[in-house]
Amino acid sequence: MAEPVIEMKDVWRVYAMGEEEVQALRGISFKIEEGEFVSIMGPSGSGKSTCMNMIGCLDRPTSGDVIINGRLTAEMTETELAELRNDTVGFVFQQYHLLSTMTVLENVMLPLRYQGIPRGERRALAEAALAQVGLSERLKHRPHELSGGQKQRVAIARAMVTKPRIILADEPTGALDSETGKQVLALFREINEKDGTTIVIVTHDPGIGASTPRCIRILDGNIASEEAENV
Ligand SMILES: Nc1ncnc2c1ncn2[C@@H]1O[C@H](COP(=O)(O)OP(=O)(O)O)[C@@H](O)[C@H]1O
Ligand SMILES: [Mg+2]
């Protein structure tokens, strides 16, 4: 059997807050296979962002194993973690995090620069990613000239332009109206089916949880329940 692209084994993350400690994750375990489309759903404060930071190699557990793309993150240096992150994970955020002084095309070309890809090739890859999200007509626009849904499409193009194995999205529809949110989810679905990219969406919205083939529910830093549905 293929090894999972994401594996969490009894993962704890405890934040020190002065004298107090916050147990944000309390022994979470799950596996996500290559090509899955999964939501991680829970109320505010349940540990979703902490979990996403583990998967995205932005943070390491207090105890337990986080294995991304077959690598145990606890054993890696900061530099190795950054490399794993750049090569393996594309991020999408609620507030898009686009650079306002750059055009749409430049925003999408940017991650390729960190991979040392020559400029001409960067441009062709970015144009292809923007075509895939339906924004070929907006290459020279700046982020403030776009609607919320269009900005999120640019952010998705930027996340996928490096062809990562995993796309991680934290509340990607949180700032959008429900119709636009549905279109963004449909776009993730299309990328998942077409490119085979593993997609993990973090959300507090039960409607999104119900619309993905698999939903991992978390509550107070624990797995609350998990069910496969609507496959
Ligand atoms: N850097 C931090 N320092 C201290 N406590 C934190 C930190 N980040 C998150 N927490 C706490 O950990 C818990 C889980 O937070 P988080 O993972 O952000 O939840 P969610 O994304 O589900 O809202 C919350 O109680 C939060 O206050
Ligand atoms: Mg959060």
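## Before you start

Residues are numbered from 1 along each chain as its sequence is written, and chains are lettered from A, with ligands numbered from 1, in the order in which they are written. Because the model is predicted, local features need pLDDT of at least 70 and side-chain atom pairs count only at pLDDT 80 or more, while totals for chains, interfaces and linings use all residues; side-chain values use heavy atoms, with hydrogens and water left out.

## The nonpolar cores

A nonpolar core here is a set of buried Ala, Val, Leu, Ile, Met, Phe, Trp, Tyr and Cys residues joined through side-chain atoms within 4.5 Å. Buried means under 20% relative accessible area, exposed means over 50%, and partly exposed is in between, using a 1.4 Å probe and protein chains only. The largest such core holds 35 residues, and V108, L130, V133, I156, F188 and I201 have the most contacts inside it. Two or more of its residues come from each of α3 (104–113), α4 (119–132), α5 (148–160), β7 (166–170), α6 (178–195) and β8 (198–203). Helices (H or I, at least four residues) and strands (E, at least two) are DSSP runs, numbered from the N terminus. The biggest contribution, six residues, is made by α5.

Another core lies apart from this one; it has 28 residues, including M8, V11, M52 and I218. Leaving aside residues up to four places away in sequence, I201 touches F37, V38, S39, I40, A169, P172, L185, F188 and I208; contact means heavy atoms within 4.5 Å.

Pockets are found on a 1 Å grid over the protein atoms alone: a pocket is an open set of points where a 1.4 Å probe fits, with protein on both sides within 12 Å along at least five of seven lines, and lining residues have an atom within 4 Å of a point. Grid points are joined across faces, edges and corners, and a volume is the space filled by probe spheres set on the points. The largest pocket has a volume of about 410 Å³. Its lining is made of 15 residues, with N86, F91, P111, Y114 and R158 nearest the centre. Two or more lining residues come from each of α2 (78–88), β6 (89–93), α3 and α5, and β6 supplies the largest share, four residues. By type, the lining has eight nonpolar, five polar and two charged residues. Here Ala, Val, Leu, Ile, Met, Phe, Trp, Tyr, Cys and Pro count as nonpolar, Asp, Glu, Lys and Arg as charged, and the others, Gly among them, as polar.

The second largest pocket holds about 210 Å³ of space. It is lined by 14 residues, and T173, S178, G181, D205 and I208 are the closest to its centre. At least two lining residues come from each of α6 and α7 (206–211), with α6 giving the most, four residues. This lining divides into three nonpolar, seven polar and four charged residues.

## A helix inside, and its cysteines

Helix α1 (residues 48–55) is largely enclosed by the rest of the structure, because six of its eight residues are buried. These buried residues are K48, T50, C51, M52, M54 and I55. After α1 comes C57, which has a positive phi near 60 degrees.

A disulfide is a pair of cysteine sulfur atoms within 2.5 Å, and by this rule the count is zero. For C57, the closest cysteine sulfur is that of C51, 12 Å away, which is too far for a bond. C215 is likewise in no disulfide; its nearest cysteine sulfur, also that of C51, is 12 Å away. C57 counts as buried at 1% relative accessibility, and C215 counts as buried at 0%.

## Single residues worth a look

Most residues other than glycine have a negative phi. D10 is not a glycine, yet its phi is positive, about 45 degrees. D10 sits in strand β1 (residues 6–17) and is partly exposed, at 44% relative accessibility. H97, also not a glycine, has a positive phi of about 55 degrees.

H97 lies in the loop between β6 and α3 and is partly exposed, with a relative accessible area of 46%. T103 lies in the loop between β6 and α3 but counts as buried, at 10% relative accessibility. Not counting residues up to four places away in sequence, T103 touches L139, K140, H141 and R142.
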